[in-house]
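Let's walk through this one together, beginning with the ligand and then turning to a helix. Have the viewer open as you read.

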Amino acid sequence: MAHINEDFLKLPGAYLFSEIAQKVKTFKDEHPDANVISLGIGDVTQPLAPAVVEALHKAADELASGATFRGYGPERGYDFLRKAIVENDFIARGINLSEDEIFVNDGAKSDTGNFQELLAKDVRIAVTDPIYPVYIDSNVMGGRTGVLGSNGHWSNVVYLPCSAENGFAPELPAEEVDVIYLCYPNNPTGTTLTRKELQKWVQYALEHDALILYDAAYEAYIQNDDIPHSIYEIEGAQRVAVEFHSFSKTAGFTGVRCGYTVVPRGVAAKTEKGDRITLNPLWNRRQSTKFNGTSYLSQRAAEAIYTPEGKKQIQATINYYMENARQMREALTNMGFEVYGGTDAPYLWVHTPKGTTSWEFFDTMLHKAQVVCTPGVGFGPAGEGYVRLTAFGQHEATAEALKRIEKLAKHKEN
Ligand code: PLP
């Protein structure tokens with residue numbers, strides 16, 4: 001019989017969102033008439049922009065005709081999309097990147113999870129706590145994390161706690177690390193790093209020969225000019241950072257599936273002997289072996305985001321969600337909750353009432369208000385005592401959820 005890769009067996013229980021889905025399903029089975037509103041999983045609710053839909057139709061028609069049909073595309077993505085990405089997301093921001101540093105993918109989850117494959121088993125990784133679970137879980141699968149302690153921390157991982165006390169801006173690691181995962185605007189806390197704070201990380205990586213894996217999936221939600229959209233806005237970052245982007249939240253592509261990864265030519269890691277290996281060709285080798293490209297339809301759809309109409313339309317949807325975030329912040333703060341995030345990100349990080357754990361508050365919200373939130377502890381031990389709420393709901397549902405939470409909060413007070 002084949003032996004299993006036992007690293008997979010180290011993974012704790014279910015993936016966070018599967019566990020939440022199971023609890024919600026059980027509640028709905030027991031209360032079939034309940035109108036449950038989800039402010040939990042970070043999925044979008046608004047339809048695709050008309051420019052995107054038009055591009056999808058057009059691409060489907062091309063595939064329907066023998067004269068314009070396309071089969072396998074280039075593994076790195078079509079030139080038309082990589083060109084649009086470079087011009088709009090980088091050159092327009094004064095960042096000089098070339099198209100061969102862009103790898104189009106089927107969304108940021110795949111590459112944030114897969115990139116660790118290029119790294120040795122014994123590299124020391126650092127993650128913020130709380131954290132988007134994919135970074136840790138993929139490193140568990142890669143056999144890099146050691147054992148899970150009763151404190152919820154893996155023995156070979158360096159944790160960088162993010163709390164209200166440090167303004168959710170992590171301190172530099174006290175011990176030497178090789179790889180640092182950063183995600184800004186942050187999922188789950190909805191907080192950001194200023195240019196100056198991000199500079200500190202790039203400086204650290206340059207001085208310590210460390211690699212930064214920077215997840216910018218929510219950059220389109222940034223409103224404040226002092227917050228960088230890309231780590232490459234920081235001098236020197238093209239020598240130390242790989243950056244992940246996603247069209248999922250930028251343009252409602254959670255179902256369409258498309259994103260991209262930037263692997264600058266200057267980023268390297270070393271062999272045991274000390275030779276520096278450039279990661280760009282290595283990632284290309286990995287992708288051309290394991291990935292056959294993102295669908296032509298998705299890539300044409302993504303290209304449409306960068307047209308003048310596409311830009312306006314996706315911005316209108318982002319504004320729609322950010323209006324939810326504004327109302328949520330205001331209402332929850334007025335109810336007496338301690339609220340973070342939600343100004344440059346579609347997530348709010350809400351302190352649970354005193355003495356209530358994340359899961360207890362999740363249960364209360366589900367059972368007493370029929371509102372689904374995400375328990376903060378599911379993103380790491382430092383998330384205990386918080387829940388994450390998303391602004392991706394429809395206005396009416398979000399307003400209704402806020403009314404119910406207010407009723408619940410008032411009831412608790414009495
Ligand atoms: N990175 C972060 C921080 C996310 O929150 C998500 C999705 O929620 C992803 C990556 C994955 O996005 P995609 O839909 O592009 O795979």
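The side chain of Ser248 puts an N or O atom 2.6 Å from an oxygen atom of the ligand, a polar contact (a pair of N or O atoms within 3.5 Å). The side chain of Ser246 likewise has an N or O atom 2.6 Å from a ligand oxygen, while Ala108 uses a backbone N or O atom, 2.7 Å from an oxygen of the ligand. On its own the ligand has 400 Å² of accessible area, and the protein covers 90% of that (Shrake-Rupley, 1.4 Å probe).

Keep in mind that this is a predicted model, where local features need pLDDT of at least 70, side-chain atom pairs count only at pLDDT 80 or more, and totals for chains, interfaces and linings use all residues. Numbering runs from 1 along each chain as its sequence is written, and side-chain values use heavy atoms, with hydrogens and water left out.

Around the ligand sit 14 residues, and Ala108, Asp215, Tyr218, Ser246 and Ser248 come nearest. Helix 4 (108-114) and helix 7 (248-251) each give at least two residues to this shell; helices here are DSSP runs of H or I with at least four residues.

Key: A residue is near a molecule or strand if one of its heavy atoms lies within 4 Å of it. A polar contact is a pair of N or O atoms within 3.5 Å; within protein, one must be able to donate a hydrogen and the other to accept it, and residues adjacent in sequence count only if both atoms are side-chain atoms.
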